[in-house]
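Please walk through this model with the coordinates open.

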Amino acid sequence: MAEKTEDETGTGTTTATAVGPEGQTAVAPDEQTAERPEEAAAKDHAEPAEASSGTGQGAAAVVSAALGVVSLTGGWPGTVAGARETLVGQLRTAADASVATQIQEVYGDAWNTTALWAGLFALAALITGVVVLVRPAFGAPGRTARAPWIPSVAWAGVTLGVIGLLLAVLKYTGVLLGLPAAS
């Protein structure tokens, strides 16, 4: 004999109770049963770990793009290092030195120092972007997919890094905006 009874726990679910031939009762839950509190807590703890799986990669992608922009714009360390090199060049250059020596010591070394710092920022942007792009190949299998914007921003960082590195090399070698010749 089976009879339906209301659950007295306040969840509003119904259960079917069946009494067996030996007086044993069996309870079968209805299809609309609520989750147990332990199961709900386990799911709550599992979701933030999955949601935060791309946080570090996203931050690294943004850092890569920012470093690429800094490599193109010069950045504060490059400006300070260039100004310092200008001052050192002025102190080292004798008053009776040739014009070509003065130009190289005062302006050329500062220009090369600025190009070197831009190249370092570009290289950092390039490496950081590449690490973000290849990271999923070395991740744990079965991890959730990362947000689609992360590879896009990482590619932007790689592209800006390549452009910045190319410009820094051209600037350092004098191919791009080289020092004027002393006549």
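Begin with W117 and F121. They sit four residues apart in helix α4, so about one helical turn separates them. Helices here are DSSP runs of H or I with at least four residues, strands are runs of E with at least two, and both are numbered from the N terminus. This is a predicted model, in which local features need pLDDT of at least 70, side-chain atom pairs count only at pLDDT 80 or more, and totals for chains, interfaces and linings use all residues. Residues are numbered from 1 along each chain as its sequence is written, and side-chain values use heavy atoms, with hydrogens and water left out.

A pair of aromatic rings is described by the distance of the centres and the angle of the planes. The count comes to one aromatic pair. The rule covers rings of Phe, Tyr and Trp (its six-membered ring) with centres within 6.5 Å; planes under 30 degrees apart are stacked, over 60 edge-to-face, and the rest tilted. The ring centres of W117 and F121 lie 6.4 Å apart and their planes stand at 40 degrees, so the pair is tilted.

How exposed is each partner? W117 is partly exposed, at 32% relative accessible area. F121 counts as buried, at 17% relative accessibility. Buried means under 20% relative accessible area, exposed means over 50%, and partly exposed falls in between (1.4 Å probe, protein chains only).

Now turn to the helix packing. Helix α2 (residues 55–73) packs on helix α4 (residues 99–134) at about 155 degrees, with the axes 8 Å apart. Axes are lines fitted to C-alpha atoms, for helices over the stretch in contact, and angles run from 0 to 180 degrees between N-to-C directions. That makes α2 roughly antiparallel to α4. The classes are roughly parallel under 35 degrees, roughly antiparallel over 145, roughly perpendicular from 65 to 115, and oblique for the rest. From α2, the contact residues include A60, A61, S64 and L67; from α4, they include A118, F121, A122 and A125. Contact means heavy atoms within 4.5 Å. F121 of the ring pair is thus among the residues that α4 brings to this contact. The contact divides into ten nonpolar, six polar and no charged residues. Nonpolar covers Ala, Val, Leu, Ile, Met, Phe, Trp, Tyr, Cys and Pro; charged covers Asp, Glu, Lys and Arg; the others, Gly among them, are polar.

Helix α4 has another partner. The axes of α4 and helix α5 (residues 149–173) come within 7 Å and cross at roughly 155 degrees. That makes α4 roughly antiparallel to α5. This contact holds 19 nonpolar, seven polar and one charged residue.

L165 shows the α5 side of the story. L165 lies in helix α5 and is partly exposed, at 27%. Leaving aside neighbours within four places in sequence, L165 touches G119, A122, L123 and L126. From L165 to A115, the C-alpha distance is 9.2 Å, across 50 residues of sequence.

A59 belongs to helix α2. A59 is partly exposed, with a relative accessible area of 41%.

Step back to the whole chain. The elements run β-β-β-α-α-α-α-α from the N terminus. Of its 183 residues, 25% count as buried. Among contacts between residues at least 6 apart in sequence, 63% join residues at least 24 apart.
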